[in-house]
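Subject: Structure handover

Dear colleague,

Here is the structure I promised to pass on to you. Please open it beside this message, so that you can follow each residue as you read.

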Amino acid sequence: MSTENRIKVLLVEDNMLTRLGVASLLETQSDFTIVGQAENGARAVALYRETKPDVVVCDLRMPGLDGIGTTAALRRETPPARVLVLTNFDGEEDIYRALSAGALGFLTKEARGAEILEAVRAVAQGQRRIPPQVAERLAERMQKPALTNRERSVLE
């Protein structure tokens, strides 16, 4: 496959071994090219501006600008980034915050390689990719009642 037809991917992960593992997985496929790797959100934003990737694969928990902040910042870029969150954290609040920030997909690092590859391809096309078990957790979060006025005042 010619390089101009490949899906350009930017990896954002503070753990070097995880970042290299995901890069190795993607590089086994002829339709991907890694255009950059960042260990934090600030570096990811700078690399996004330089490389204009088709997909950003981003962790949630990183020092400095975390994955939520990074996703939100990348969505404000021109063109807005297509972000796939790949993380160890799958609490309903993590899922909700990532999708609210603009992520198109959400996978845990327990996902099989084929699932990660399929999700990156889908997100590159602008499609959402959320596995059923993650969608269930998000639905649970959505069913929780909003804070009452009293709860809000206590928090303030």
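What follows is a short account of the salt bridges in this structure. Please keep in mind that the model is predicted.

A search of the whole structure finds six salt bridges, and I describe some of them here. In one of the bridges, the side chain of lysine 109 meets that of glutamate 13, with 2.8 Å from N to O. Because lysine 109 sits in the loop between strand E5 (105–108) and helix H5 (113–124), while glutamate 13 sits in the loop between strand E1 (7–12) and helix H1 (16–27), this pair ties together parts that are 96 residues apart in sequence.

Lysine 109 also meets the side chain of aspartate 59 in a salt bridge, at 3.6 Å from N to O. Aspartate 59 belongs to the loop between strand E3 (55–58) and helix H3 (67–75), and so its pairing with lysine 109, in the loop between E5 and H5, links parts that are 50 residues apart in sequence.

Another bridge joins arginine 129 and glutamate 118, with 2.7 Å from N to O. Arginine 129 lies in the loop between H5 and helix H6 (132–143) and glutamate 118 lies in helix H5, so the pair ties together parts that are 11 residues apart in sequence. Arginine 129 is partly exposed, with a relative accessible area of 27%, and glutamate 118 is partly exposed, with 36%. Finally, salt bridges that share partners join Glu13, Asp59 and Lys109 into one network.

Key: Residues numbered from 1 in each chain as written. Predicted model: local features only at pLDDT ≥ 70, side-chain atom pairs only at ≥ 80, totals over all residues. Heavy atoms only, no water. Salt bridge = Lys/Arg side-chain N within 4 Å of Asp/Glu carboxyl O. Helix = DSSP H or I, 4+ residues; strand = E, 2+ residues; numbered from the N terminus. Buried < 20%, exposed > 50% of the residue type's maximum accessible area, 1.4 Å probe, protein only.
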